[in-house]
Amino acid sequence: MNRNDLDKRLRELGIYSDFYMRRELKALPQLLEEGEQLNCILTGVHEAERKMLAVTDRRLIVIFAAALSPGDIKVIPRDAVGDWHFEKKLLFSSVSFSTRSGTAFTFTNTQGSLKDLFEWAMQQPVK
């Protein structure tokens, strides 16, 4: 996937204007595999750092793009996710999910307006 295809998909999802300037998006096109479909993007604080969570039809991709240090990328296959939860609050929404092996991820200060999109993305069949 190239950046133009990514921008087109973000427009289809209705979230382009929320994320088009995020530096994490620079790495995302190279991370997506051929034929992989992006279904949701959100940002939140995970392990005391602002990170982006990209949900595709195959994987969850956690991207940290630091300004002054090397970034970090974690990839979790969708079929390895055991459970997930989106808690929508007025100001401090959060997303949490855990893998079947017991690793837990929590993103605080996420965009509460993306609850429906995130839940839809997580309910899509895994390819």
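Author: Begin with a pair of strands. In this predicted model, β5 and β6 run antiparallel and are joined by six bridges.

Reader: How many residues lie between β5 and β6 in their hairpin?

Author: Five residues lie between the two strands of this hairpin.

Reader: What should I expect of the side chains along a strand?

Author: In a regular strand, they alternate between the two faces of the sheet.

Reader: Now the loop. Where does Phe92 lie?

Author: Phe92 is in the loop that runs between β5 (81-87) and β6 (93-99).

Reader: Is Phe92 buried or exposed?

Author: The general idea is a cut-off: a residue is called exposed when its relative accessible area is over 50%, and buried when it is under 20%. Phe92 counts as exposed because its relative accessibility is 55%.

Reader: Which residues form a nonpolar patch on the surface with Phe92?

Author: Leu90 and Leu91 do; together the three residues have about 430 Å² of accessible area.

Reader: And the next residue, Ser93: is it buried or exposed?

Author: Ser93 belongs to strand β6. Its relative accessibility is 1%, so Ser93 counts as buried.

Reader: Which residues is Ser93 in contact with, leaving aside its neighbours within four places in sequence?

Author: Among them are Phe86, Glu87 and Lys88, and also Phe107, Thr108, Asn109, Thr110 and Gly112. There is a polar pair to look at as well: a polar atom of the Ser93 side chain lies 3.0 Å from the backbone nitrogen of Lys89.

Reader: One of those contacts was Asn109. What is its phi?

Author: Asn109 has a positive phi, about 55°, although this residue is not a glycine. Asn109 is placed in strand β7, residues 104-110. With a relative accessibility of 33%, Asn109 counts as partly exposed, because that label covers values between the buried and exposed cut-offs.

Reader: What is the phi of Glu47?

Author: Glu47, again not a glycine, has a positive phi of about 55°.

Reader: Where does Glu47 lie, and is Glu47 buried or exposed?

Author: Glu47 lies in the loop between β1 (38-46) and β2 (49-56). Its relative accessible area is 54%, so Glu47 is exposed.

How values were computed:
Residues are numbered from 1 along each chain as its sequence is written. This is a predicted model: local features need pLDDT of at least 70, side-chain atom pairs count only at pLDDT 80 or more; totals for chains, interfaces and linings use all residues. Side-chain values use heavy atoms; hydrogens and water are left out. Patches are made of residues with over 30% relative accessible area and no salt bridge: like charges are joined within 9 Å, nonpolar side chains (Val, Leu, Ile, Met, Phe, Trp, Tyr) within 5 Å. Accessible areas come from the Shrake-Rupley method with a 1.4 Å probe; for residues, only the protein chains shown count as cover. A salt bridge is a side-chain nitrogen of Lys or Arg within 4 Å of a carboxyl oxygen of Asp or Glu. Helices (H or I, at least four residues) and strands (E, at least two) are DSSP runs, numbered from the N terminus. Buried means under 20% relative accessible area, exposed over 50%, partly exposed in between (1.4 Å probe, protein chains only). A polar contact is a pair of N or O atoms within 3.5 Å; within protein, one must be able to donate a hydrogen and the other to accept it, and residues adjacent in sequence count only if both atoms are side-chain atoms. Contact means heavy atoms within 4.5 Å. Two strands pair if DSSP finds at least two bridges between them.
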